[in-house]
Amino acid sequence: MRLLVFFDLPVKTRQERRVYTLFRKFLIGDGYDMLQYSVYGRIVNGYDAEEKHLNRLKSHLPSKGSVRALKVTEKQYANMKILVGAPSFQEKTVQPVQMSLF
């Protein structure tokens, strides 16, 4: 499964930019890859891992802006069409088959 996070945060003031940067760094540190600006995704191994990462995400939410999460299966994710542009290097190199199951 994949957990996708979409966010739109204010960045007008210095403090808002700092909050944006901290949230983005949290996502990267938690294993999310940037799909587009303000769209990040990560592979999760089952419902328990999904709940764990959703709870971690909830504990790091900024107070302002909009943050959404969407869970999709690998099959649904594989059916995503890229209309303009190309897959990122990370999307090309990491395939769901390479996931390690513990």
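Strand E3 (residues 39-43) sends Val39, Gly41 and Ile43 one way and Tyr40 and Arg42 the other, and all of these residues are buried. Buried here stands for under 20% relative accessible area, exposed for over 50%, and partly exposed for anything in between (1.4 Å probe, protein chains only). In a regular strand, side chains alternate between the two faces of the sheet. With 5 of its 5 residues buried, E3 is largely enclosed by the rest of the structure. The model is a predicted one, so local features need pLDDT of at least 70 and side-chain atom pairs count only at pLDDT 80 or more, while totals for chains, interfaces and linings use all residues. Residues are numbered from 1 along each chain as its sequence is written, and side-chain values use heavy atoms, with hydrogens and water left out.

As for the sheet itself, 4 strands make up an open arrangement in the order E2-E3-E1-E4, with antiparallel pairing. E2 and E4 sit at the edges with a single partner strand each, so one side of each has no neighbour in the sheet. On average, neighbouring strands are turned by 25° against each other, direction ignored. Helices (H or I, at least four residues) and strands (E, at least two) are DSSP runs, numbered from the N terminus, and two strands count as paired if DSSP finds at least two bridges between them. Strands of a sheet pair through backbone hydrogen bonds, either parallel or antiparallel.

Now for the individual pairings. E1 and E4 run antiparallel and are joined by 7 bridges, with Val67 in E4 as the bridge partner of Phe7. Helix H1 packs on the sheet, where it touches E1, E3 and E4, and its direction makes about 170° with that of E1. H2 also packs on the sheet and touches E1, E3 and E4, its direction making about 175° with that of E4. Contact means heavy atoms within 4.5 Å; axes are lines fitted to C-alpha atoms, for helices over the stretch in contact, and angles run from 0 to 180 degrees between N-to-C directions.

E1 and E3 are likewise antiparallel, with 5 bridges joining them, and Leu3 stands opposite Arg42 of E3. On to the hairpin: E2 and E3 pair in the antiparallel sense over 3 bridges, and 2 residues lie between these strands. Ser38, in the turn, has a positive phi of about 65°. Across this pairing, Met34 faces Tyr40 in E3, and Asp33 has Gly41 as its bridge partner.

Turning to charged pairs, the structure holds 3 salt bridges, a salt bridge being a side-chain nitrogen of Lys or Arg within 4 Å of a carboxyl oxygen of Asp or Glu. Side chains of opposite charge can pair when their charged atoms come close. One of these bridges joins the side chains of Arg2 and Glu74 (3.0 Å, N to O). This pair links distant parts of the chain, with Arg2 in strand E1 (residues 2-8) and Glu74 in helix H3 (residues 74-78), 72 residues apart. Both Arg2 and Glu74 are buried.

Arg56 forms a salt bridge with Asp30, where the closest N and O atoms are 2.8 Å apart. Here too, distant parts of the chain are linked: Arg56 belongs to helix H2 (residues 47-59) and Asp30 to the loop between helix H1 (14-29) and strand E2 (33-36), 26 residues apart. Arg56 is partly exposed at a relative accessible area of 35%, whereas Asp30 is buried at 7%.

Glu50 and Lys71 also form a salt bridge, with 3.7 Å between the closest N and O atoms. Glu50 lies in helix H2 and Lys71 in strand E4 (residues 66-72), so this pair ties together parts 21 residues apart in sequence. Glu50 is buried, with a relative accessible area of 9%, while Lys71 is partly exposed at 34% relative accessibility.

Asp30 has a further partner in His53, a residue of helix H2, whose side chain makes a polar contact with that of Asp30 (3.0 Å). A polar contact is a pair of N or O atoms within 3.5 Å; within protein, one must be able to donate a hydrogen and the other to accept it, and residues adjacent in sequence count only if both atoms are side-chain atoms. His53 counts as buried, at 6% relative accessibility. Leaving aside neighbours within four places in sequence, His53 is in contact with Leu3, Asp30, Tyr32, Arg42 and Val44.
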